[in-house]
Amino acid sequence: MRYFIKTFGCQMNYSDSERIASVLEKNNLKPVENISKADLAVFNTCGVRQMAEDRVYGQVHNLRKNNPNIKIILTGCLSNRKDVRRILENKVDLFVEIKNVGTAITKFVIANEVKQSRSKNNRLPRRSAPRNDIYNKDYFKIIPKHDNNFQAYVPIMTGCNNFCAYCVVPHARGREISRPAGEIIKEAKRLIKKGYKEITLLGQNVNSYKDGNINFPKLLKKINNLPGKFWLRFISSHPKDMSDELIETIAKSKKACEYVHLPIQAGDDKVLKIMNRKYDAKHYLKLIKKIELAFEKYKPGIIYSLTSDIIVGFPGETKNQFLKSAGIMEKVPYDMVYFGQYSPRPNTIAWKMKDNVSKKEKVRREKYLNEILKKTAFANNKEYVGKVFDVLIEKRKDGVYFGKTRTLKNVKLPSKKKNLVGKVVKVKIIKANIWNLAGTMIK
Ligand code: SF4
């Protein structure tokens, strides 16, 4: 059997898909690059926006129509929603929560292989390897099949306890569960030994991680202290859990990248309160100041980057309240902000609120903020010109390499050298654009 995984949404879902691929391959399924050639399609879904949800409906519908015999599994954020199950019940063969993928997908594959094989050959299929190794193991113990051999996601927790008014995550993924620190460190050691250059710790709210007396800064220190050359990233942090200890740890640590993603979501205190974010704009700006001072203290002169998330058009957000988000963006020199036009999500607190900012106005607000971002990102990028940075090369196309700095800036560089993908090289930046940098490799 051949499989294809379609992943929607965030890094957490991409990381989950790496574990799903591992489960499928342990069951002797082979990946295919085109969904039309697959016998089994897995939709790893995202419920954060209506648009992502609609794409799942459309794609599942078309796939079933064009290929009535394909097996379809649906997992991720939408898998547990009753309304989604109702809409797709005749098109999807198995709905499974992400935490159960190991056992449920294995059982499903075995059952379907038996059925297929009986109908084709009238005998049971032969298996090349016993599969009991996947049963009864919990989700985190599945060893993922990483997308490449130099960058890896390592989930350290799942779920969320925060119940931000707009967010489906606590409903879709349940409450926070932190993974045992020993298990995370073991996984990090295995990756470092294999030569991975970049490890990204993942969680909906990484900085509320807790395993006994090991909190997130302590976990970060432990991984930072592992021998080997690698970059360490983490995503995503909540401002209410951004402690002084964590700020100091990030700034001091050699391996943690000079990159902090701190989602503010809105600049107006009343909106933040209704969003249930549990901090105000003043507190957020104080944190930014502390981060800046910590980098200046522990890595003087270093270039660091700050990024955020902002929702435009949250129910009831007035023009003046929106301008407070713009005000934050004028104050904080962001390198990137991921904007979201508010869309109501079932089961959330905001679902019952009137979605009273028009689509047109949401588009206008996003554009407005994007113009501010272009200015700060471009000004920051100009600081790179003439300086040398380590760049992790991610791919090559038409004689040009593409990679990223520790600060997550996209860099392109032409080079005739072969086999640089997956390597960290020294690059002198010669040109700054708004969204990327251009450089030349130095010997
Ligand atoms: S912190 Fe808020 S936005 Fe982030 S996952 Fe939890 S509920 Fe969602």
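How many salt bridges does the rule find across the interface of domain 2 and domain 3? In this predicted model, the rule finds two salt bridges across that interface. The paragraphs below describe the chain as a whole, then the interface, then several local features of the backbone.

The protein chain contains 12 helices and 20 strands. Along the principal axes, the C-alpha atoms of the protein chain fill a box of roughly 70 × 60 × 50 Å. The domain assignment divides the protein chain into domain 1 (2–121), domain 2 (146–382) and domain 3 (388–441).

The centres of domain 2 and domain 3, taken over C-alpha atoms, are separated by 25 Å. In the contact between these two domains, 25 residues come from domain 2 and 21 residues from domain 3. The size of an interface is often expressed as the accessible area lost when the parts come together. Between domain 2 and domain 3 the buried area is about 1900 Å², and carbon and sulfur atoms give 64% of this area. On the side of domain 2, Phe150, Trp231 and Asn381 supply 37% of the area buried against domain 3, more than any other three residues.

A salt bridge is formed by Arg406 and Glu258, whose closest N and O atoms are 2.9 Å apart. As for secondary structure, strand S12 (231–235) and helix H12 (359–382) each supply at least two residues of the side of domain 2 that touches domain 3. The most is given by H12, with seven residues. By residue class, this side of domain 2 comprises 11 nonpolar, four polar and 10 charged residues.

Two backbone features were noted. Most residues other than glycine have a negative phi, and most peptide bonds are trans. The peptide bond from Ile235 to Ser236, however, is cis, with omega near 10 degrees. Ser236 is found in the loop between S12 and helix H8 (244–252). Asn28, which is not a glycine, has a positive phi of about 70 degrees. The position of Asn28 is in the loop between helix H1 (11–26) and strand S2 (30–31).

The loop between S12 and H8 also holds Asp241. With residues up to four places away in sequence left out, Asp241 touches Asn205, Asn207, Ser208 and Leu246. Asp241 and Asn207 lie 34 residues apart along the chain, while their C-alpha atoms are separated by 5.8 Å. The side chains of Asp241 and Asn205 are joined by a polar contact of 3.3 Å.

Definitions and conventions: Residues numbered from 1 in each chain as written. Predicted model: local features only at pLDDT ≥ 70, side-chain atom pairs only at ≥ 80, totals over all residues. Heavy atoms only, no water. Domains from an automatic or database assignment. Contact = heavy atoms within 4.5 Å. Buried area = accessible area lost by both parts, 1.4 Å probe. Salt bridge = Lys/Arg side-chain N within 4 Å of Asp/Glu carboxyl O. Helix = DSSP H or I, 4+ residues; strand = E, 2+ residues; numbered from the N terminus. Nonpolar A, V, L, I, M, F, W, Y, C, P; charged D, E, K, R; others polar. Polar contact = N/O pair within 3.5 Å; in protein donor to acceptor, adjacent residues only side chain to side chain.
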